Amino acid sequence: MATICSPEYMWTLTTAPTSEPFTTAEAKAQIRSVQSTEDTLVDTYVKAARQAAEHYLGRGLLTQTWTLCLSDFVNLIPLPMAAPLAAITTVKYYDVDNVQQTLSNTFYTVDVKSRPGRIALASGQAWPTVASLRKVNRIEIAYTVGYTSASLIPSDIMQGMRMYIGLMDTNRDGLDPATGTALKAIQAAFWTDRVFYPPPVFDSY
């Protein structure tokens, strides 16, 4: 019978998207604003809507880079926020001498079709031994996720973000008790394609 356990892991955003899913003009059209004095505020709506969608969906929507840190290698490593996964940048690890090394991509295969994307130990390969005395972040996997343009983001997710922008504008002080109900309606109607992260696990028999 298999015993399932997981290495320590955590992930962090290392490079945020350089663009947003809506221009200022598009967001203003959504909230029916014609004033330029609030353009900066409208831009914060757009960024907040994207971040809310990504957080709820478990997906990076526009091109961004993340780093997953692990305490140990496992044969199959899912990558958080990687739906879609664009590319692996580097896989680094601390060797037995506690010196950081970059692992050749011949050691692993990249799966961009799974949700989330993942890397797996390549056939005929063995992971290198990591520093046993190092307590945290022995392995660092840097990768790029997201769509290259807003036009590629699914339409239902985009519509949910439009409604989220409108919700923020109508409830600027955040005190309307109906906001929670409205947000749940957005999530239920438009943000249904969630991706749940399966933690990396050891397979031991």
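Modeller: First, a definition: helices (H or I, at least four residues) and strands (E, at least two) are DSSP runs, numbered from the N terminus. This is a predicted model, where local features need pLDDT of at least 70, side-chain atom pairs count only at pLDDT 80 or more, and totals for chains, interfaces and linings use all residues. Residues are numbered from 1 along each chain as its sequence is written, and side-chain values use heavy atoms, with hydrogens and water left out.

Colleague: How many salt bridges does a search of the whole structure find?

Modeller: The search finds 9. A salt bridge here is a side-chain nitrogen of Lys or Arg within 4 Å of a carboxyl oxygen of Asp or Glu.

Colleague: Where do Arg50 and Glu54 lie?

Modeller: Both are in helix α2, 4 residues apart, about one turn of the helix.

Colleague: Which residues are linked with Arg50 in a network of salt bridges?

Modeller: Glu20 and Glu54. Arg50 pairs with Glu20 at 2.7 Å between the closest N and O atoms. That pair links distant parts of the chain: Arg50 sits in helix α2 (residues 39–57), Glu20 in the loop between β2 (9–15) and α1 (24–31), 30 residues apart.

Colleague: Is Arg50 buried or exposed?

Modeller: Arg50 counts as buried, because its relative accessibility is 4%. Buried means under 20% relative accessible area, exposed over 50%, partly exposed in between (1.4 Å probe, protein chains only). Glu54 is buried too, at 5%. Glu20 is partly exposed, at 25%.

Colleague: What else is Gln64 in contact with?

Modeller: Leaving aside neighbours within four places in sequence, its contacts (heavy atoms within 4.5 Å) include Leu13, Thr15, Pro17 and Tyr143.

Colleague: New topic. Which residue forms a salt bridge with Lys28?

Modeller: Asp39, with the closest N and O atoms 3.0 Å apart. Lys28 is in helix α1 and Asp39 in helix α2, 11 residues apart. Lys28 is buried at 13%, while Asp39 is partly exposed at 24%.
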